[in-house]
Each structure stands twice: as C-alpha cells, then as structure tokens.
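Work through the exercises below with the sequence and the model at hand. Each task is followed by a solution in steps.

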Amino acid sequence: MQQARQINRLRRRVLKPEEIRKLEAYLKRTFNQSMVVKARPKKDESAEVYLGDEFLGVVFRDEEDGELSYNFSMAILDIDL
C-alpha cells in the first residue's frame, strides 16, 4: 500500500495555470458552460472542479511513461441519489 502511494505521488506533477485553463475550456465545451476549474489553495498537483458554485470533484495531472492524462475524481453521496 505504501509503495503504491509513493508511485502515485511520483506520477503526479504540478498542475500549471495554462493546464487549468485548457481543462476548464474542455469541460465547458464537453459538458456545461458553467463548469469552472480552480487551483487548490494548498495543493498544486490537482485542481477543483465546480458547476457554478457547486463543488463536483478534483482533477489530477498524471504522467506515466511519457504519456500525459488528467484524472477526474467525483464522489457521489448516497443522500444525493
């Protein structure tokens, strides 16, 4: 378990402001014009995703074997279903 966390930490890199802008444009174009991506105040390897003022989840930058991808993580609470 510890080793898996260390590998994930090594694969995750700083999410730059220009990447945040590109991610926001993609999410707006693909899903909804009200989507906003904001840098996190204390963590620079991820950003927060909002629909208007509603927090949706977190997006991480992931680079492995020279391939770059972004992973969006969203928790859905059972009370919201």
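**Exercise 1: a surface patch**

Task: find which residues make the nonpolar surface patch of about 470 Å².

Solution. Phe72, Met74, Ile76 and Leu81 make this patch. Patch residues have over 30% relative accessible area and no salt bridge, with nonpolar side chains (Val, Leu, Ile, Met, Phe, Trp, Tyr) joined within 5 Å; a salt bridge is a Lys or Arg side-chain nitrogen within 4 Å of an Asp or Glu carboxyl oxygen. Areas are Shrake-Rupley values with a 1.4 Å probe. Met74 is partly exposed, at a relative accessible area of 42% (buried is under 20%, exposed over 50%, partly exposed in between).

The model is predicted: local features need pLDDT of at least 70, and side-chain atom pairs count only at pLDDT 80 or more, while totals for chains, interfaces and linings use all residues. Numbering runs from 1 along each chain as its sequence is written, and side-chain values use heavy atoms, without hydrogens and water.

**Exercise 2: the core**

Task: state which element gives the most to the largest nonpolar core.

Solution. The core has 10 residues, among them Leu15, Ile20, Leu23 and Val59; such a core joins buried Ala, Val, Leu, Ile, Met, Phe, Trp, Tyr and Cys through side-chain atoms within 4.5 Å. Helix 2 (17-30), strand 1 (35-39), strand 2 (46-51) and strand 3 (54-64) each give two or more residues. Helix 2 gives the most, three. Helices (H or I, at least four residues) and strands (E, at least two) are DSSP runs numbered from the N terminus.

Terms used:
Patches are made of residues with over 30% relative accessible area and no salt bridge: like charges are joined within 9 Å, nonpolar side chains (Val, Leu, Ile, Met, Phe, Trp, Tyr) within 5 Å. Buried means under 20% relative accessible area, exposed over 50%, partly exposed in between (1.4 Å probe, protein chains only).
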